[in-house]
Amino acid sequence: GAYSYKWFANDTNGNLGVSNTMTYSVSKATGQVSLLLNGQANNVSIVYETQTNASASTTYGSITLYRNGTDITSENNQNVTLGVSYYNYTALSSGDQNHSTASAIYFLSVSQASTTTSVLVNPPGPITYGTNSNFSCLNSAGLSTILYVNGTNKDSEKNINVLRAAGTYLVNCTSSDNQNYTGNSQQVSYIINKASSLIYLY
């Protein structure tokens, strides 16, 4: 704050001397703030599904925590799961009468998680012509999949019993990315052997 003062002095003859009014100011001391992302005072990169803990504190005054400009003080030191994106975390200390405001900023990067796509065949190959075969797809994160047989889209045959001709089939399941997960594919070879011919003797 700002303060004013005067000097008063008496000499040996009893005369009083008074100085002009002067002022001086006392500046606030530097404030203090702490911001940790998953326990680190640093920028952090994680993969989707990994939880995030943002912890903010101050020695002087009150603390406000922001994520991308939105007040999330209610989440202070709480575990949360965030979607794939890039986040700005800012901790702001209000300071007090003797300490200035202070802030800290760190960034959180959340990247896509990988998944596994599987081809499911029933019954297991090789089989003999005359037996139905059933091809289907499964993705570990529930991503949408497309079934290809010998490079042709056969999604309409997914999980359906089909009587197929003898031959070797390349069965492929491909999944598509979404915001939080990456898709991939798997391909297997499925063999259907020719059936034995029947010979009749008369």
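This is a predicted model: local features need pLDDT of at least 70, side-chain atom pairs count only at pLDDT 80 or more; totals for chains, interfaces and linings use all residues.

**Stop 1: a chain of charges.** Side chains of opposite charge can pair when their charged atoms come close. Select K154, E157 and R164, which are linked in a network of salt bridges. On one side, K154 meets E157 with an N to O distance of 3.9 Å. On the other, R164 pairs with E157, and their closest N and O atoms are 3.0 Å apart.

**Stop 2: another pair.** Select D155 and K158, which form a salt bridge with their closest N and O atoms 2.9 Å apart. D155 is partly exposed, with a relative accessible area of 30%, and K158 is partly exposed too, at 22%. The total for the model is four salt bridges.

**Stop 3: two cis peptide bonds.** Go to the loop between β14 (117-122) and β15 (127-128), where you will find P123. The bond from N122 to P123 is cis, with omega near 0°. Stay in the loop between β14 and β15 for P126; the peptide bond from G125 to P126 is also cis, with omega near -5°.

**Stop 4: positive phi angles.** Select N68, in the loop between β8 (63-67) and β9 (70-71). N68 is not a glycine, yet its phi is positive, about 50°. Finish at N77, in the loop between β9 and β10 (79-80). N77 is not a glycine either, and has a positive phi of about 65°. N68 is partly exposed at 44%, and N77 is partly exposed at 48%.

Conventions: Residues are numbered from 1 along each chain as its sequence is written. Side-chain values use heavy atoms; hydrogens and water are left out. A salt bridge is a side-chain nitrogen of Lys or Arg within 4 Å of a carboxyl oxygen of Asp or Glu. Buried means under 20% relative accessible area, exposed over 50%, partly exposed in between (1.4 Å probe, protein chains only). Helices (H or I, at least four residues) and strands (E, at least two) are DSSP runs, numbered from the N terminus.
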